[in-house]
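Hello,

Here is the structure for you to look at. My notes follow below it.

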Amino acid sequence: MEKTRNKHVLRLAQAAMIAALYIVLTFIANLLGIASGAVQIRFSEALTILPYFTVSAVPGLTVGCLLANILTGCALPDIIFGTLATLLGAVFTRLLRKYKWLAPVPPILANALIIPPVLYFAYGVKPIWFSLVTVTAGEIISCGVLGMLLLFALQKYASVLFKD
């Protein structure tokens, strides 16, 4: 029973640290003016590969995205659907964890499909196809490039950092 409790505490702590890191990285991108809008590169999106290592990343990323969107002043549809995109990306990254090279694909696809309509309806960003191109490009940079660099950097220390 003690071992189970310790495991839950560890997962909660990991999720909280991931959420906090997501928020801080989003704030940095926000200060640079690239965290939201039609052209967005959130450094925090690199963290979306973390479900490859630990299930704790799923709630951590979701809560981090929710709070980051609220704290950076996003519109309500962006808060709701942006968080949903992050949750779906994290869940599917976790499900595909046996395939390292697919780790960034779920968050890229989730954001590419969900965020352009949000930008159109919540912020009036037109045309929607332009948002599709720019959001997808930003996600490829954030998740595909930065995320995979992070994955390879963390892989060496995964057994220490992400004990389950």
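Where is Ser56 found? Ser56 lies in the loop between helix 1 (2-31) and helix 2 (57-71). Helices are DSSP runs of H or I, at least four residues, numbered from the N terminus.

Please note that this is a predicted model, where local features need pLDDT of at least 70, side-chain atom pairs count only at pLDDT 80 or more, and totals for chains, interfaces and linings use all residues. Residues are numbered from 1 along each chain as its sequence is written, and side-chain values use heavy atoms, with hydrogens and water left out.

Is Ser56 buried or exposed? Ser56 is buried, because its relative accessibility is 2%. Buried means under 20% relative accessible area, exposed over 50%, and partly exposed in between (1.4 Å probe, protein chains only). Leaving aside neighbours within four places in sequence, Ser56 is in contact with Arg11, Gln14, Ala15 and Ile18. Contact means heavy atoms within 4.5 Å.

Lys156 sits in another loop, between helix 5 (128-155) and helix 6 (158-161). Lys156 has 66% relative accessibility, so it counts as exposed. The C-alpha atoms of Lys156 and Val135 are separated by 31 Å. These two residues are 21 apart along the chain.

Now look at helix 5. Its buried residues include Val135, Ser142 and Gly147. The buried residues of helix 5 pack against helix 4 (105-123) and helix 6. Helix 5 also has a kink of about 35°, centred on Gly147. The bend at a residue is the angle between axes fitted to the seven residues ending there and the seven starting there.

Last, Leu87 is in helix 3 (residues 76-95). Leu87 is partly exposed, because its relative accessible area is 31%.

Best wishes

Key:
Helix = DSSP H or I, 4+ residues; strand = E, 2+ residues; numbered from the N terminus.
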